[in-house]
Amino acid sequence: MMLALLRTELFKIFKRPRTFISFGLITAVILIIELALYVDGEKFLAFASQGLTAQFDIQGNILNGYLITFIILQTLLIHVPLLIALVCGDLLAGEANMGTLRLLLSKPVSRTKLVFTKLLAGWVYVFALLVWLAVAGLLTAILLFGKGDMMVLKSTEVVIIPMTDVAWRYVLAFGFASVAMCTIAALAMFLSVFGENAIGPIVTTMGIVVVLTILSTLEIPLFNTIKPYLFTTHMVGWKGFFDMPVNYGAIGFSLAVLLGYTALFVLATIWIFNRKDILS
Amino acid sequence: MAAEGLSKHFGDFRAVHDLSFQVSRGQIYGFLGPNGAGKSTSLRMLLGLIHPSSGSVTMLGQKVDPRHNGVLGKAGAIIERPDLYKYLSATEHLRMFSRLSGIKPDTARITSLLQWVGLQGWEKVPVRQFSLGMKQRLAIALSLVHDPEIIILDEPTNGLDPQGIADMRALIRQLAGELGKTVLLSSHLLHEVEQLADHMLILSKGEKVVEGAVKELLDRTRMRVEVRYLDHAGPLQAIAQSAWANMVTRNETGLVELEMKESEIPALNQWLVDQAVQVFSIIPRQSLEAYFLSLTQSV
């Protein structure tokens with residue numbers, strides 16, 4: 001039954017044109033960034049590494065596909081939650097708005113299973129989106145800019161990762177980003193349980209992500225105590241795979257926080273949905 | 001299917017109060033009441049869409065619980081509007097709802113269902129292009145896709161044009177007649193329930209007003225019976241001296257009008273024949289709406 005339900009939910013998600021808008025947007029942003037860097041990348045790199053060139057002799061293909069993908073990821077992973085909220089905020093509220101929720105629940109479908117399968121379908125969408133981001137980003141960047149050692153500029157250090165040591169880091173970084181985006185999907189779904197139309201959950205999800213991201217990045221002592229407990233603080237944990245050496249302890253903690261929030265959102269959704277009167 | 005002491009309160013508002021009734025196998029059971037009487041809330045409680053504040057629902061011997069609604073595999077329903085997925089076709093809907101009902105989509109059954117509801121030729125067309133009547137017919141097909149024993153239809157003719165209403169009523173008769181289903185039909189139209197149902201329950205302001213066999217209930221009320229006859233000599237004089245005299249409300253040349261029960265009409269007909277009155281027509285004009293209003297307004 002779960003498989004049949006999952007199949008119908010995936011069918012509904014991927015039958016809607018709006019689902020593919022996200023894929024189109026991601027492709028467009030990737031191509032725009034790559035084109036801009038292709039034309040003006042050397043100037044950008046010179047600006048970004050101006051302090052370094054005075055002290056180090058940097059040679060080789062620094063502006064390569066791996067660095068470009070890192071830049072694309074840094075730019076896009078802030079905006080991908082919006083695309084995820086668009087689909088996952090609609091999962092329950094959209095059905096309520098269309099009036100199809102009562103049609104679904106007048107079938108022998110348990111509410112818990114329905115929430116689970118909708119969320120699973122949402123996660124499949126998230127995963128597909130990130131795979132697309134990885135494939136489109138990495139492949140086109142390597143095609144356009146070639147391969148090379150990867151230079152990661154951080155606020156306090158520069159990390160040079162040998163070309164042969166990069167691929168596994170990207171695989172794990174995308175895996176981590178998938179978990180972070182699944183947390184956003186669970187949040188959007190949780191908010192979706194309250195709404196009778198999708199706009200509310202979508203806007204609220206984005207509002208929460210934006211406000212918490214600001215709190216996570218602001219260097220104000222007042223917020224420092226709560227930062228480790230905000231899921232937005234840990235959403236950028238994928239960058240940890242590009243440290244030398246990788247701090248697996250910190251990444252594991254971030255992963256645990258994200259999974260904890262995800263579990264919390266999922267359990268709360270199931271609890272509320274099972275008690276909800278379907279009035280739409 | 002049975003409801004026992006079913007109540008639902010939304011805050012201070014009492015939508016349904018202490019509702020009990022029983023629907024027997026094979027019946028068309030009419031659930032009648034004005035708009036806002038609590039019909040849809042009651043039907044939603046039957047299907048586990050709304051949690052009752054108190055009371056319980058039993059379907060085919062199993063208690064309906066919103067969290068474990070496996071028993072709904074034996075029921076099909078249309079609640080209020082036929083809201084469907086606009087971007088899916090009729091066939092896609094039926095395949096999807098077959099899976100949701102726990103059965104493998106069967107192309108032959110889907111084709112025959114679409115034919116049965118008169119949607120052949122529209123199988124692959126997205127539902128956004130359907131008229132309301134077509135959506136309603138597809139919703140009937142969806143409620144039948146898993147061959148349920150009980151069909152719950154909430155105001156199935158709402159918003160349909162006259163032809164759509166006639167088609168829908170024919171479909172409902174077929175559900176009970178040809179397919180042998182038990183049908184629970186809600187409506188705010190008394191004549192609709194009268195035409196279709198064997199039993200009915202009248203609900204008003206969330207409470208049951210009356211319940212019973214439709215014929216019996218309607219026989220409790222008096223109706224206006226109009227007799228048109230051939231007479232050039234003025235009003236029918238004989239009736240004034242007969243047992244019918246106190247029922248006469250109008251007596252003029254060629255037309256006499258009486259107020260009586262439906263069951264008394266054959267005797268009146270016999271009397272007219274005995275009196276050698278040449279009758280053109282006997283037309284019962286039942287004041288159903290008045291009866292309905294008198295019941296629902298008394299609560």
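Student: Domain bounds come from an automatic or database domain assignment. Given that, how far apart do the C-alpha centres of domain 1 and domain 2 of chain B lie?

Tutor: This is a predicted model, and in it the two C-alpha centres are 39 Å apart.

Student: Where are the bounds of the domains in chain B?

Tutor: Domain 1 of chain B covers 2–218, and domain 2 of chain B covers 221–297.

Student: What's the mean pLDDT of chain B?

Tutor: The mean is 87, with 95% of the residues of chain B at 70 or more.

Student: And where in chain B is confidence lowest, and where highest?

Tutor: Helix α9 of chain B, residues 288–297, is lowest with a mean of 66. Strand β1 of chain B, residues 2–10, is highest at 93. For the model as a whole, ipTM is 0.77 and pTM is 0.81.

Student: OK, sheets. What's the strand order in the open sheet of 4 strands in chain B?

Tutor: The order is β2-β1-β4-β5, and the pairing is antiparallel.

Student: Which are the edge strands?

Tutor: β2 (13–22) and β5 (62–63) of chain B, each of which pairs on one side only.

Student: How many bridges join β4 of chain B to β5(B)?

Tutor: There are 2 bridges between β5(B) and strand β4 of chain B, residues 54–59. Across that pair, B:Lys63 in β5(B) is opposite B:Thr58.

Student: Which strands does helix α1 of chain B lie across?

Tutor: That helix, residues 39–46, lies across β1, β2 and β4 of chain B. Its direction is at about 120° to β1(B).

Student: Different spot. Do β9 and β10 of chain B run parallel or antiparallel?

Tutor: Antiparallel, with 6 bridges between strand β9 (residues 199–204) and strand β10 (residues 207–213) of chain B. One residue to look at is B:Met200, whose bridge partner in β10(B) is B:Gly212.

Student: What do β9(B) and β10(B) form, and how many residues sit between them?

Tutor: They form a hairpin with 2 residues between the strands. B:Lys205, in the turn, has a positive phi of about 50°.

Student: Now the contact between the chains. How many residues does it take from chain A and from chain B?

Tutor: Chain A supplies 25 residues and chain B supplies 26. On the side of chain A that touches chain B, the elements giving two or more residues are α1 (2–15) and α7 (100–105) of chain A. α1(A) gives the most, with 7 residues.

Student: What's that side of chain A like by class?

Tutor: The side of chain A that touches chain B has 11 nonpolar, 6 polar and 8 charged residues.

Key. Residues are numbered from 1 along each chain as its sequence is written. Chains are lettered from A and ligands numbered from 1 in the order in which they are written. This is a predicted model: local features need pLDDT of at least 70, side-chain atom pairs count only at pLDDT 80 or more; totals for chains, interfaces and linings use all residues. pLDDT is the predictor's confidence in each residue, from 0 to 100. Two strands pair if DSSP finds at least two bridges between them. Two residues are in contact if their C-beta atoms, placed from the backbone, lie within 7 Å. Ala, Val, Leu, Ile, Met, Phe, Trp, Tyr, Cys and Pro count as nonpolar, Asp, Glu, Lys and Arg as charged, and the others, Gly among them, as polar. Axes are lines fitted to C-alpha atoms, for helices over the stretch in contact, and angles run from 0 to 180 degrees between N-to-C directions.
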